[in-house]
Amino acid sequence: MGKAKVLLVGNPNVGKSVMFNNLTGAYATVSNYPGTTVEVARGTGRIGAAEFEVIDTPGMYSLMPISEEERVARDIILEESPTVVLQIADAKNLERMLGLTVQLIEAGLPLILVLNMMDELKALGKQVNIDLLKERLQIPVVPAVATGGEGMDLLRQRILDYVGNP
Ligand SMILES: Nc1nc2c(ncn2[C@@H]2O[C@H](COP(=O)(O)OP(=O)(O)O)[C@@H](O)[C@H]2O)c(=O)[nH]1
Ligand SMILES: [Mg+2]
C-alpha cells in the first residue's frame with residue numbers, strides 16, 4: 001500500500017494553497033500536469049507519526065470541466081485514488097460552494113468540507129449552522145481560518161480518521 005493521499009480541491013481563491021502550506025509546512029514540488037501548462041503542487045504532511053502526500057489541485061467550480069484547470073483538477077481527483085478529499089470552501093459564499101460538494105459526494109469520494117474564511121463571515125455578522133450542514137450532507141464539516149491557523153487541530157483530527165495512525 002502506498003502513502004495516503006490528501007487532495008485539496010475547490011473553487012479558485014478559497015484558501016487551498018494557504019491550507020496546503022499549513023498541512024505541508026510549505027515545502028512543495030511544483031510540476032506541470034502532463035500535457036498542460038497547469039501547475040500542481042505536491043508536498044508531505046505529517047500528523048504525529050502519520051505521514052501522507054498532500055496535493056493542491058487547480059481551482060474548479062464543477063466536476064464537469066469547462067476550463068483546462070478544471071479538467072486537470074477532475075483528472076487528478078479521478079486518477080489519484082485519494083485517501084481523503086478536502087473541499088476548501090468560502091464560508092461567505094456557501095450556497096455557491098455546495099453544488100461542487102454534492103457532486104463530490106455523488107462521485108463517492110471520501111470528503112471533508114472545510115468552511116474557510118470564517119473570520120470574514122464573522123465580520124459580516126453572519127453564521128453557518130455547522131451541525132445542520134453535517135447532518136444534511138452526512139460528511140465531516142470543519143470551520144477554519146487558514147491564514148490564522150484556526151480550525152487546523154480539528155481538521156488534522158478529521159484527516160487522521162481517514163489516513164489512520166501508523
Ligand atoms: N481572511 C481570510 N483570508 C484568507 C483565508 N484563507 C485564505 N485567505 C486569503 O485568500 C486568498 C486566496 O488564498 P489561496 O490560498 O491562494 O486560494 P486558492 O486559490 O484556493 O489556492 C489569499 O489572499 C489568502 O491570503 C482565511 O481563512 N481568511
Ligand atoms: Mg492556489
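Predicted model: local features only at pLDDT ≥ 70, side-chain atom pairs only at ≥ 80, totals over all residues.
1. The expected span of a helix is 1.5 Å times one less than its number of residues. H6 has 12 residues and reaches 16 Å from its first C-alpha to its last, close to the expected 16 Å.

2. Which residues of H6 are buried? They are Met 152, Leu 155, Ile 159, Leu 160 and Val 163. Looking down the axis of H6, you will find these buried residues within an arc of 140 degrees, so they line one face of the helix. Asp 153 and Asp 161 are exposed, and they sit on the face of H6 turned away from its buried side. Just after H6 comes Gly 164, with a positive phi of about 80 degrees.

3. Next, have a look at how H6 packs. Two packed helices are described by the angle between their axes and the distance between the axes. The axes of H6 and helix H1 (residues 16-24) come within 12 Å and cross at roughly 75 degrees. Angles of 65 to 115 degrees count as roughly perpendicular, and H1 and H6 are therefore roughly perpendicular to each other.

4. From H1 come Met 19, Asn 22 and Leu 23, and they meet Met 152, Leu 155, Arg 156 and Ile 159 of H6. By type, the residues of this contact divide into 5 nonpolar, 1 polar and 1 charged. Met 152, Leu 155 and Ile 159 are also among the buried residues of H6.

5. H2 has 12 residues, and from its first C-alpha to its last it reaches 16 Å, close to the 16 Å expected at 1.5 Å a residue.

6. Most residues other than glycine have a negative phi. Ser 81, which follows H2, has a positive phi near 45 degrees. Ser 81 lies in the loop between H2 and strand S5 (84-90), and with a relative accessibility of 62% it counts as exposed. The other is Gln 138, with a positive phi near 60 degrees. Gln 138 is placed in the loop between helix H5 (130-137) and strand S7 (141-143), and its relative accessible area of 63% makes it exposed.

7. Is the side of H5 that carries Asp 131, Glu 135 and Arg 136 turned toward or away from its buried side? Those three exposed residues are on the face turned away from the buried side of H5. The buried residues of H5 are Ile 130, Leu 133 and Leu 137. Viewed down the axis of H5, they fall within an arc of 60 degrees, so they line one face of the helix. Their cover includes H3, strand S6 (111-116) and S7.

8. Ile 55 lies in strand S4 and, at 0% relative accessibility, counts as buried. Setting aside neighbours within four places in sequence, Ile 55 is in contact with Lys 5, Val 6, Leu 7, Leu 8, Phe 20, Val 40, Ala 41, Arg 42, Ile 76 and Glu 80.

9. Is Thr 57 buried or exposed? Its relative accessibility is 3%, so Thr 57 counts as buried, and its place is the loop between S4 and H2. Beyond neighbours within four places in sequence, Thr 57 is in contact with Leu 7, Leu 8, Val 9, Lys 16, Ala 73 and Ile 76. Thr 57 and Glu 69 are 12 residues apart along the chain, and their C-alpha atoms are separated by 8.5 Å.

10. Finally, Tyr 27 is in the loop between H1 and strand S2 (28-32). Tyr 27 is exposed, with a relative accessible area of 68%. Not counting residues up to four places away in sequence, Tyr 27 touches Arg 42 and Gly 43. From Tyr 27 to Thr 44, C-alpha to C-alpha, is 7.8 Å in space and 17 residues in sequence.

How values were computed: Residues numbered from 1 in each chain as written. Chains lettered and ligands numbered in written order. Heavy atoms only, no water. Helix = DSSP H or I, 4+ residues; strand = E, 2+ residues; numbered from the N terminus. Buried < 20%, exposed > 50% of the residue type's maximum accessible area, 1.4 Å probe, protein only. Arc of directions from axis to C-beta. Axes fitted to C-alpha atoms, helices over the stretch in contact; angles between N-to-C directions. Parallel < 35°, antiparallel > 145°, perpendicular 65-115°, else oblique. Contact = heavy atoms within 4.5 Å. Nonpolar A, V, L, I, M, F, W, Y, C, P; charged D, E, K, R; others polar.
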